[in-house]
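Please look over the model shown below before reading the notes that follow, which are grouped by topic.

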Amino acid sequence: MRSAVAGLELLEPRSVNEALRMMRDRGPATPLAGATDLYVHLNSGTLKPRRFVNRWALDELRRIASKRDGLSIGALATFTDCLRSPLVRRRLPMLAAAAREVGGVQIQNRGTLGGNVANASPAGDALPVLAAAEALVVLRSTEGERRVPFSAFYTGYRSTVMRADELIVALEIPPVAGKQWFRKVGTRLAQAISKVVIAAVRDARPRIALGSVGPTVVRVPRTEEALASGASIEQARRILEAEIKPIDDIRSTAAYRRRVAGNLLACFWKETS
Amino acid sequence: MRVVGRKVERKEGRAKVTGAARYVDDLRMPGMLIGRTVRAPIACGELVGIKTELGGPGFTTVDFCDIPGKNVVSLIAEDQPCLVEREIRHAEEPVFLIAHESREALLEARVSLECRPGVPVFDPLASPRSFKDILIEKGDVAKGFAEAALIVEGEYRAGLQEHVSIEPNGVIAWPENGGIAVLGSLQCPYYVHRALMTLLALPPEKVRVCQAETGGGFGGKEEYPSMLAGHAALLALKSKRPVKIVYDREEEMAATTKRHPAIVRHRTGVAKDGRLVAQDIEVILDGGAYVTLSPVVLSRACIHAAGPYRCANVRIRGRAMFTNTVPNGAFRGFGAPQTQFAGEAHMDRIAEALGEDPVKLRETNALRPGDTTATGQRMHDDCSALEVLREAVKRTRFPEKRWKWKGTGRGIGLALFYHGAGFTGSGEVKLASKAALELTERGARILTGTTEMGQGQRTTHAQIVAEELGWPYEAIEVAEVDTARVPDSGPTVASRTCMIVGGILQACAKELKAKLGRLTPRAYLKRNGPLVVTKSYEHPGDVAWNDETYRGDAYGTFAWGCEVAELNVDPDTYEARLTKFTAVVEIGKAIHPVLAAGQVEGGAAQGIGYALLEEAILRDGRMANASMTNYIIPTTVDTPTIETVILERPYRHGPFGAKGVGELPVDGAAPAIVNALRHAGADIRRIPATPERIMEALCASR
Ligand SMILES: Cc1cc2nc3c(=O)[nH]c(=O)nc-3n(C[C@H](O)[C@H](O)[C@H](O)COP(=O)(O)OP(=O)(O)OC[C@H]3O[C@@H](n4cnc5c(N)ncnc54)[C@H](O)[C@@H]3O)c2cc1C
């Protein structure tokens with residue numbers, strides 16, 4: 001491990017409110033959930049924060065509940081919680097599908113949905129699901145709670161509208177009508193970061209979201225529009241390939257991501273017809 | 001036989017399974033410091049200055065001025081410094097060492113290097129310098145091409161592969177007896193011993209090298225520990241305390257040796273009936289910034305380049321080029337996987353050009369007893385090219401799948417290959433390895449400098465000795481590797497440990513048995529006192545090699561393999577998914593069938609990674625994906641069922657007929673997979689065949 005750990009401080013709140021007070025009064029204090037992302041930075045010596053708020057014990061943040069035909073998923077719900085939840089499997093099967101493809105079993109047991117959202121990687125596997133489902137991010141601070149539509153949550157590469165004193169407490173998912181579809185293309189079959197990841201809902205108003213094809217998870221409104229107004233899948237595919245802005249990096253190439261995104265769009269359309 | 005060929009319990013198995021086995025990282029010595037290496041940030045240039053802000057007391061620092069002997073890592077050439085003096089030849093080159101009792105203090109210490117960048121060379125084809133040139137000639141290629149009905153040409157490229165042994169490099173060094181002692185995770189204790197004598201200007205008896213339990217090597221702990229042990233030793237001598245250095249995964253990947261990337265060009269003349277009449281082959285290896293082992297890797301690469309085929313006219317030209325990258329070095333297969341990938345991918349292209357079946361083409365040309373290889377080595381009865389080929393074809397129902405799957409996105413491909421066991425040419429003669437047996441109250445103790453790193457050396461050696469003595473397996477112990485106590489048995493490399501060192505041990509056992517007569521060990525010891533039998537390698541009289549002309553018996557014998565890959569290509573993501581992998585190998589005698597099968601499965605898995613996923617990506621000479629996240633090795637989910645079939649045709653000079661097995665299975669995986677991809681419609685000439693490359697191939701041919 002490349003980080004010196006002696007100077008790090010871990011705060012252990014007993015309630016969400018105490019956690020929020022700690023973040024207000026003793027900031028900068030970084031909230032810590034499963035630590036699967038934070039630990040990677042700790043190991044490579046790139047972790048900047050020195051004080052952490054450990055919320056792992058706050059079970060109140062782990063609830064998965066029905067909410068007006070939709071869902072409310074506590075930020076601390078792990079991927080394992082999600083894929084074991086009958087409610088998630090019934091109402092948001094594409095989330096269960098995404099959870100099943102995260103890392104390996106150990107990471108699924110420890111990694112949380114809130115952590116995936118807050119970490120703000122464009123390759124986060126749950127993010128296209130939440131984008132396609134038009135989730136609301138429930139943020140809370142000592143001053144109160146606000147709900148941010150998922151499409152307004154990310155402002156750029158690894159940046160969000162979340163303030164330093166705020167916590168994600170839950171993700172609220174409105175009822176999703178229509179067939180759901182998810183596909184991850186990783187660098188291998190397990191323990192893999194996505195090269196292209198797509199979640200989509202087949203509805204009168206199709207909703208399609210992709211990860212790893214731009215600086216943030218993206219919805220593709222022009223492609224959705226085209227499909228909604230009866231364009232052929234070939235036309236939609238061309239629009240999609242122009243609409244996304246993938247790059248070459250150490251994991252893949254822009255050309256691959258663009259073409260595969262188009263192929264997956266066609267798969268989605270075919271398999272949900 | 002009572003012991004050989006049986007699945008006895010492995011000697012260190014229990015300790016490993018229960019966690020009792022201690023690896024370097026588990027060990028702590030009183031007063032021990034931890035060492036850290038400060039490395040060059042640029043690929044080429046000059047070191048101008050070193051600035052330190054250590055942030056407290058208690059540090060030991062070392063630069064090249066602290067080296068009492070010669071500032072080199074002594075290997076084939078003495079060109080590589082242990083610490084940079086002025087010239088920087090590759091990124092991550094070690095420059096400065098610091099040590100402290102507290103890991104925390106060590107991590108907080110700041111050392112910055114001021115460097116003046118030069119103009120690096122990264123492309124081996126653009127490099128002005130070759131470390132070694134090799135020419136192998138047989139017959140007359142011009143004449144051969146004149147006879148050819150068809151000429152097929154092709155260029156093939158293989159990428160930069162990292163070993164990824166589960167345990168990274170690590171050592172502890174401490175001052176001892178007016179000299180130095182080192183305990184490390186390593187393959188070749190006597191390489192380290194010699195390197196330390198040169199670096200520290202010490203006589204042999206003042207240097208002691210011991211092996212700690214070692215979690216995998218694959219060649220990554222062949223020459224590199226000589227560098228690392230040097231660093232720890234310099235810090236230990238200066239601080240007068242034990243010093244431990246263990247690399248983390250990132251440093252292990254970014255700074256240590258890897259498999260040589262290769263460019264291999266083939267031009268092959270074929271007669272109408274499919275006979276190879278001329279093979280003209282050019283092999284270019286990227287050697288990296290220093291010579292290290294490149295000349296011998298190139299040698300093995302070239303000798304294996306023409307494949308297990310008979311052809312009257314062969315020319316093989318090889319070069320190992322200098323580039324400003326981390327030196328490439330030993331890696332399981334040692335050049336042969338690169339050239340046999342090219343050769344076997346090329347064979348399928350020849351079959352395609354002829355409109356012939358790839359099995360038939362290989363049957364026509366496979367070496368048979370009495371035939372000669374490119375170096376003129378005559379094949380004996382244990383030449384098994386046809387046997388492994390036929391068995392693999394039968395097992396996999398190859399022709400049927402070949403026919404049925406055409407045009408379906410599924411593919412099946414095979415590769416036929418061989419691997420010379422032991423050091424190349426006169427290497428074993430020069431090594432003059434020794435091994436010994438010491439009589440104990442209960443039996444005998446094996447004394448060798450060869451190392452257990454997971455492959456099962458302790459177990460197979462004990463089996464050979466027990467069998468020869470007619471004693472139970474349990475009566476044989478294996479001594480810890482410590483250069484003060486065990487002889488130099490040569491390095492644990494080149495698939496030589498069971499075959500060569502096992503052979504010396506068998507000779508020791510024979511002599512021990514004769515000395516004992518009818519006495520039990522206890523009775524003998526009581527009557528005559530201690531008994532140690534030491535034997536040296538004896539070169540078989542019927543194995544001859546000429547280093548000047550590069551002709552003759554390159555190896556005592558070859559092990560043979562045919563591997564078959566079955567896969568499908570996802571039409572939407574261009575991912576190749578292996579559904580089945582079959583390895584048929586002929587290895588003389590499987591001393592321990594489970595360990596042998598383990599070698600084959602592990603080698604196949606490593607070859608699968610090499611074929612499809614693994615590639616170190618260099619940017620400005622630095623590894624851009626130095627992590628398990630981004631350097632992609634296959635997980636169990638990516639590895640298909642591997643069926644292993646072991647055939648046995650005894651080698652006349654091997655212990656109980658054994659040949660080497662460790663490296664062989666890596667040679668065939670990549671070409672089998674690439675040939676299966678070709679069958680599925682993708683013309684791949686460069687590995688790894690990532691989905692990105694498969695996409696390019698498919699979209700280009702459509
Ligand atoms: C081996 C391995 C494999 C992985 N594989 C995948 C994969 O396949 N797909 C994938 O998407 N990810 C993967 N990850 C990344 C990681 O597991 C996920 O992003 C996970 O969801 C992070 O959750 P966590 O609870 O561990 O987050 P943590 O590491 O605890 O936190 C991550 C970040 O989010 C912040 N944070 C966490 N919770 C909150 C909250 N409630 N409110 C505000 N801020 C918060 C933290 O401050 C931190 O900045 C992998 C990681 C590893 C180590």
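Helices (H or I, at least four residues) and strands (E, at least two) are taken here as DSSP runs, numbered from the N terminus. This is a predicted model, in which local features need pLDDT of at least 70 and side-chain atom pairs count only at pLDDT 80 or more, while totals for chains, interfaces and linings use all residues. Residues are numbered from 1 along each chain as its sequence is written, chains are lettered from A and ligands numbered from 1 in the order in which they are written, and side-chain values use heavy atoms, with hydrogens and water left out.

**Backbone geometry**

- Most residues other than glycine have a negative phi, and most peptide bonds are trans.
- A:Arg158, in the loop between strand 8 (154-156) and strand 9 (159-160) of chain A, is a residue other than glycine with a positive phi, near 55 degrees.
- At 40% relative accessibility, A:Arg158 counts as partly exposed, on a scale where buried means under 20% relative accessible area, exposed over 50% and partly exposed in between (1.4 Å probe, protein chains only).
- A:Gln191, which lies in the loop between strand 11 (179-186) and strand 12 (194-202) of chain A, also has a positive phi, near 50 degrees, and is partly exposed with a relative accessible area of 38%.
- A cis peptide bond with omega of about -5 degrees joins A:Gly27 and A:Pro28, and A:Pro28 is placed in the loop between helix 1 (16-25) and strand 2 of chain A.
- In chain B, B:Ile687 and B:Pro688 are joined by a cis peptide bond with omega of about 5 degrees, and B:Pro688 is found in the loop between strand 28 (686-687) and helix 18 (691-701).

**Ligand surroundings**

- The ligand is surrounded by 32 residues, the closest being A:Pro31, A:Gly34, A:Thr36, A:Asp37 and A:Thr112, where a residue is near if one of its heavy atoms lies within 4 Å.
- Among the polar contacts (pairs of N or O atoms within 3.5 Å; within protein, one must be able to donate a hydrogen and the other to accept it, and residues adjacent in sequence count only if both atoms are side-chain atoms), a polar side-chain atom of A:Thr112 lies 2.6 Å from an oxygen atom of the ligand.
- A backbone N or O atom of A:Ile168 is placed 2.9 Å from a nitrogen atom of the ligand, and a polar backbone atom of A:Ala192 is 3.2 Å from a ligand oxygen atom.
- Helix 7 of chain A gives the most to the shell around the ligand, with five residues.

- B:Glu615, in the loop between helix 16 (593-612) and strand 25 (618-619) of chain B, counts as buried at 19% relative accessibility.
- Leaving aside neighbours within four places in sequence, B:Glu615 is in contact (heavy atoms within 4.5 Å) with residues including B:Tyr631, B:Pro688 and B:Arg693.
- B:Arg36 lies in strand 1 (residues 33-39) of chain B, is partly exposed with a relative accessible area of 23%, and has a polar side-chain atom 2.6 Å from the backbone oxygen of B:Leu106.
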